[in-house]
Amino acid sequence: MDRTIYREIKATPALWQLGGLMIAFILAALWSVWTVEHHGHVITGMNNQIVWGLPHVFAIFLIVAASGALNVASIASVFGQKAYKPMARFSSLLAITLLVGGLAVVVLDLGRPDRLIVAMTTYNFSSIFAWNVLLYNGFIVIVGGYLVLQMMRKVDARWVKAAGVIAFVWRLALTTGTGSIFGWLVARPGYDAAIMAPLFIAMSFAFGLAVFLLVLMALFRLSDRMIGDAILIRLGRLLGIFAAAVLYFTAVQHLTNLYATEHGGVEWFILKDGGIFTALFWIVQVMIGGLAPMALVFLNPSRSSTMLASTLVVIGGIAQVYVIVIGGQAYPLDIFPGFEVVEGFNEGVVNTYTPSFYEILLGLGGVAIALFAAGLGAKVLRVLPTNLSDANVPGDS
Amino acid sequence: MTNRAELTRRDILKSGAAVASVTLASGVTLMAFGGTADAKGADAGKRWGLLIDAGKCDANCNDCVTACSTENGWGHSDHGTPETDVQWIRKVTLKEKATGRTVSAPVMCQHCEAPPCVDVCPTGASMQRPDGIVLVDKHTCIGCRYCMMACPFKARSFVHEPVTDQKVGAPRGTGTVESCTLCVHRVDKGRIPACVEACEQAGHSAILFGDLNDPESPISKALESYPSIALRDDLGLNPGVRYQNM
């Protein structure tokens with residue numbers, strides 16, 4: 001096999017067009033933010049019952065996927081799998097850009113995005129949100145340093161490994177923090193569960209690898225580079241294992257809740273009576289985003305199976321985050337146990353939510369930021385190998 | 001003994017410090033009305049609370065809600081829906097599932113001793129005064145709404161549209177979160193909250209305001225004499241608002 005050579009991708013017309021499309025999405029998101037800031041959040045679908053909406057679904061998906069996009073680099077550096085090493089640089093870069101895209105959505109949806117400086121300088125350390133600000137910023141710095149070390153010439157491999165270990169531990173902490181945003185909400189029956197942290201870690205493994213595979217395959221196609229079937233089948237199988245892990249944690253989460261009578265209400269809401277949420281859970285999250293990708297990569301392992309499975313995991317992942325974020329808020333709080341609310345202020349009723357155009361634009365804008373930055377990075381930095389054909393992928397030690 | 005030149009320099013420094021502290025103090029005072037933890041008006045020895053007697057609350061009366069809205073300047077919405085409108089206090093009518101008995105009562109911020117909204121706020125904007133009143137500092141609230149996710153009582157509202165007709169005692173801001181302040185601007189002047197006053201004027205006297213730390217206060221004596229409950233007592237938050245005859 002040849003030595004792995006990293007080169008910037010060529011500026012083909014297709015790449016320019018895609019870049020232009022991403023910029024258009026980013027501009028549309030900025031217009032949406034400006035409009036919402038001008039009129040207030042009253043023009044969005046969010047309200048005082050569903051306080052976090054579609055922007056948060058996109059943001060959480062991107063943030064969770066960000067830490068998972070680092071999988072490939074971690075497997076190469078921390079677990080010494082040589083076959084993954086040529087993709088490690090891009091894996092690190094994509095991890096950073098996905099996080100930036102996700103954070104952009106969270107920040108731009110704030111009621112006062114102009115006060116970002118307050119969030120960056122004033123910390124309440126009993127808040128997992130405040131810790132997450134530190135975890136997210138730290139992730140960008142650590143993975144950035146890890147990427148630089150990977151790209152430097154004549155760097156002792158031990159340093160790269162050390163940086164990889166730190167980045168791996170940090171990404172586990174980061175996803176634990178993101179899951180705990182929900183896990184530590186004691187008042188809401190749909191959350192309040194320690195399993196949110198490991199569930200989010202499993203989700204990050206699956207979503208991040210799926211996004212990584214899709215972006216990698218797209219950039220290789222755009223730049224006319226080869227990527228072998230064997231490595232894609234292998235990564236597809238890994239994705240299938242991660243999808244199974246997500247299903248496992250999801251099953252434990254719901255079975256545990258079902259066992260406790262006090263949580264029966266919210267469980268039956270999600271699993272049986274929740275309308276859109278029930279449909280999203282069973283059809284999109286479990287079947288399309290979990291069982292179908294597993295069937296594809298294990299029963300019919302192929303290049304196209306990996307590609308389709310990645311797409312399905314992303315679709316299922318967005319549905320899963322939607323069910324967690326919106327479904328958890330749609331189910332009413334039980335403020336008066338033992339009582340039925342005859343009259344009240346949206347009390348004891350399922351809260352409805354219809355995302356507005358502005359929220360869709362903002363969420364897609366975050367995706368566009370992540371993809372544009374990843375493409376730009378691959379265009380100006382030597383992060384993508386010129387050849388990933390099977391003959392050129394290093395064997396494992 | 002210090003020489004004259006040093007004294008002069010010190011004096012200049014002192015005067016600078018004085019100006020700074022005056023500026024700070026006025027800023028703090030200004031915020032204290034809107035609600036920050038300036039302890040000047042808040043006595044750490046007190047814990048303000050409410051005792052709501054559902055037995056005296058009239059299901060058809062909404063005076064506490066109206067009074068709160070008038071006092072604090074919320075409730076006029078140009079484009080909102082009931083779902084997006086701000087609601088510092090609301091009336092609920094409940095039917096006991098086991099018995100069919102109905103009761104009515106107002107619900108507002110429960111001013112918990114261990115408020116989840118304060119725990120989760122990333123910037124510390126959601127805070128608790130030494131006298132137990134839970135407030136939002138409108139200067140540092142970034143509008144993330146995590147406190148709304150954390151509040152077990154749905155007591156907080158996000159301001160969804162530009163605010164008009166603000167009251168001096170209750171500054172508000174688009175894109176920030178707000179809730180019942182227990183009429184902190186009145187309490188600091190020795191007055192009772194607007195809802196309590198309105199309920200008295202309506203002839204119900206269903207809401208009792210007072211210092212929970214003072215065993216001689218009417219609220220403490222009432223709590224001692226009759227059974228009462230806290231909403232979501234299972235969460236162990238020890239709310240400053242308690243209910244009788246629920």
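This is a predicted model: local features need pLDDT of at least 70, side-chain atom pairs count only at pLDDT 80 or more; totals for chains, interfaces and linings use all residues.
1. Overall form of chain A. The chain holds 13 helices and 3 strands. Its radius of gyration is 21 Å, close to the 21 Å that the globule rule gives for 397 residues, so chain A is as compact as a globular protein of that length. Along the principal axes, the C-alpha atoms of chain A fill a box of roughly 75 × 45 × 40 Å.

2. Packing of α1 on α13 in chain A. Helix α1 of chain A, residues 13-39, packs with helix α13 of chain A, residues 357-380, at an angle of about 140 degrees, and their axes are 7 Å apart. The crossing of α1(A) and α13(A) is left-handed. In the contact of these two helices there are 18 nonpolar and 5 polar residues, with no charged ones.

3. Packing of α7 on α8 in chain A. Here helix α7 of chain A, residues 157-183, meets helix α8 of chain A, residues 196-222, at an angle of about 125 degrees, with the axes 7 Å apart. The two helices are therefore oblique to each other, and the crossing of α7(A) and α8(A) is right-handed. On the side of α7(A), the contact is made by A:L172, A:T175, A:T176, A:T178, A:G179, A:S180, A:F182 and A:G183, while α8(A) contributes A:M196, A:A197, A:L199, A:F200, A:I201 and A:S204. By class, the residues of the contact of α7(A) with α8(A) divide into 7 nonpolar and 7 polar, with no charged residue.

4. The contact between the chains. Chain A gives 39 residues to this contact and chain B gives 47. On the side of chain A that touches chain B, the elements that supply two or more residues are α5 (116-121), α6 (128-151) and β2 (339-343) of chain A. The largest share of that side, 5 residues, comes from β2(A). The side of chain A that touches chain B has 19 nonpolar, 14 polar and 6 charged residues.

5. An open sheet of 3 strands has the order β2(A)-β2(B)-β3(B), and its pairing is antiparallel. At its edges stand β2 of chain A and β3 (102-108) of chain B, each with a single partner strand, so one side of each is left without a neighbour in the sheet. Neighbouring strands of this sheet are turned by 40 degrees against each other on average, direction ignored.

6. Strand β2 of chain B, residues 89-96, runs antiparallel to β2(A) and is joined to it by 4 bridges. In β2(B), B:L94 is the bridge partner of A:V341, and B:T93 stands opposite A:E343. Within chain B, β2(B) and β3(B) pair in the antiparallel sense over 7 bridges, and B:R90 has B:V107 of β3(B) as its bridge partner. These two strands of chain B form a hairpin with 5 residues between them, and B:G100 in the turn has a positive phi of about 85 degrees. Helix α2 of chain B, residues 63-72, lies across β2 and β3 of chain B and runs at about 160 degrees to β2(B).

7. A sheet within chain B. Which order do the strands of the open sheet of 3 strands in chain B have? The order is β8-β1-β9, with mixed pairing. The edges are taken by β8 (207-211) and β9 (241-244) of chain B, each with a single partner strand, so one side of each is left without a neighbour in the sheet. Neighbouring strands of this sheet are turned by 20 degrees against each other on average, direction ignored. Strand β1 of chain B, residues 48-53, pairs with β8(B) in the antiparallel sense over 5 bridges, and B:G49 stands opposite B:G210 in β8(B). Helix α7 of chain B, residues 218-225, packs on the sheet and touches β1, β8 and β9 of chain B, its direction making about 115 degrees with that of β8(B).

Notes. Residues are numbered from 1 along each chain as its sequence is written. Chains are lettered from A and ligands numbered from 1 in the order in which they are written. Axes are lines fitted to C-alpha atoms, for helices over the stretch in contact, and angles run from 0 to 180 degrees between N-to-C directions. Angles under 35 degrees count as roughly parallel, over 145 as roughly antiparallel, 65 to 115 as roughly perpendicular and the rest as oblique. A crossing is left-handed if the near helix is turned anticlockwise from the far one by less than a right angle, and right-handed if clockwise. Two residues are in contact if their C-beta atoms, placed from the backbone, lie within 7 Å. Ala, Val, Leu, Ile, Met, Phe, Trp, Tyr, Cys and Pro count as nonpolar, Asp, Glu, Lys and Arg as charged, and the others, Gly among them, as polar. Two strands pair if DSSP finds at least two bridges between them. The radius of gyration is taken over C-alpha atoms; the globule rule is 2.2 Å times the number of residues to the power 0.38.
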